[in-house]
Amino acid sequence: MTTHFYTASSLDGFIATEEHSLQWLFEQDFDRDGPMAYPKFIERIGALVMGASTYEWLLRNQESWEYTQPTWVFTHRDLAVPEGADVRFTSGKPREAFDDIETSAPGKDIWVMGGGDLAGQFAEAGLLDEIWVQFASVTLGSGQPLFTRPLKLELLEVARNRDFVCAHHRVVKDH
Ligand SMILES: NC(=O)c1ccc[n+]([C@@H]2O[C@H](COP(=O)([O-])OP(=O)(O)OC[C@H]3O[C@@H](n4cnc5c(N)ncnc54)[C@H](OP(=O)(O)O)[C@@H]3O)[C@@H](O)[C@H]2O)c1
């Protein structure tokens, strides 16, 4: 079982604008069947993990809930759940919820969708294994950060997918 942080970023390291817009991302060209593309990635995923802002973005922007996997949302608040969605709310340190997250994804991997600080919390706890970032051909100047803490990484793979530079890293753990 592997835990992945798989996301797209501006070249200057932001995954959304200050106002949580992803319009800049949808203006980029990406081959869904090209290197590091989403359909192949999602096949291996048994559970999703995200912070409250990412979840609220999905609630605002998806016509209907598209994930069949259990989705773990880190939040301190009571948030709405779309009809038919398997959404489980949690809070506190990732380690405290991790056994339950792992159990909810039997034989499959875990996808930390974002944001960058939550992915960093997983990394700090030694619970993040791989990072996949598609860097778009745009800078934002400010926004929601890709990473909020130092991580030691090993580069596994790099590729071009149309407008994106795709980088795949392993998180180097100290223990
Ligand atoms: N570019 C991409 O591919 C991509 C991918 C994913 C997300 N995004 C976007 O990036 C933005 C990320 O937003 P963000 O940086 O604010 O991150 P986020 O992780 O989505 O949300 C942060 C919020 O999650 C809650 N949270 C985080 N850690 C927690 C913990 N340990 N326990 C309890 N609650 C916790 C807190 O909310 P409360 O305390 O308010 O509950 C916190 O304010 C979103 O706009 C999202 O749509 C982009």
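Which backbone nitrogen does the side chain of Asn-161 reach? I started my notebook with that question. The model I am reading is predicted.

**Entry 1: Asn-161**

I looked up the side chain of Asn-161 and found that it reaches the backbone nitrogen of Asp-31 at 2.8 Å. I then looked for a backbone oxygen. The side chain of Asn-161 reaches that of Pro-35, at 3.2 Å. I placed Asn-161 in the fold: this residue belongs to strand β9. Is Asn-161 buried or exposed? I read a relative accessible area of 1%, so Asn-161 is buried. Next I listed what Asn-161 touches, leaving out residues up to four places away in sequence. The list holds Asp-29, Phe-30, Asp-31, Gly-34, Pro-35 and Cys-166. Asp-31 and Pro-35, whose backbone atoms the side chain reaches, are both on that list.

**Entry 2: Arg-149 and its partners**

I turned to charged pairs. How many salt bridges does a search of the whole structure find? I noted 7. One of them joins Arg-149 to Asp-117, with the closest N and O atoms 2.6 Å apart.

**Entry 3: Asp-129 and Lys-173**

I wrote down another salt bridge, between Asp-129 and Lys-173. Their closest N and O atoms are 2.5 Å apart. Where do the two residues of this pair lie? Asp-129 is in the loop between α5 and β7 (130–135), while Lys-173 is in the segment after β10 (164–171). The pair links distant parts of the chain, 44 residues apart. Asp-129 is partly exposed at 21% relative accessibility. Lys-173 is partly exposed as well, with a relative accessible area of 31%.

I went back to shared partners. Salt bridges join Asp-117, Glu-124 and Arg-149 into one network.

**Entry 4: Aromatic rings**

I moved on to the rings and counted 16 aromatic pairs in the structure. In one of them, the ring centres of Tyr-6 and Tyr-38 are 6.4 Å apart and the planes stand at 50°, so I logged the pair as tilted. Tyr-6 comes from strand β1 (residues 3–9) and Tyr-38 from helix α2 (residues 38–43), which puts them 32 residues apart. Tyr-6 is buried, at 6% relative accessibility.

I then took up Tyr-67 and Trp-111, an edge-to-face pair. I read 6.5 Å centre to centre and 80° between the planes. Tyr-67 lies in the loop between α3 (52–61) and β4 (71–74), and Trp-111 lies in strand β6 (residues 109–114). The two are 44 residues apart, and their pair links distant parts of the chain. Both Tyr-67 and Trp-111 are buried.

Which residues do ring pairs link into a cluster? I listed Tyr-6, Tyr-38, Phe-41, Tyr-55, Trp-65, Tyr-67, Phe-89, Trp-111 and Trp-132.

How values were computed: Residues numbered from 1 in each chain as written. Predicted model: local features only at pLDDT ≥ 70, side-chain atom pairs only at ≥ 80, totals over all residues. Heavy atoms only, no water. Salt bridge = Lys/Arg side-chain N within 4 Å of Asp/Glu carboxyl O. Helix = DSSP H or I, 4+ residues; strand = E, 2+ residues; numbered from the N terminus. Buried < 20%, exposed > 50% of the residue type's maximum accessible area, 1.4 Å probe, protein only. Polar contact = N/O pair within 3.5 Å; in protein donor to acceptor, adjacent residues only side chain to side chain. Contact = heavy atoms within 4.5 Å. Phe/Tyr/Trp six-rings, centres within 6.5 Å; stacked < 30°, edge-to-face > 60°.
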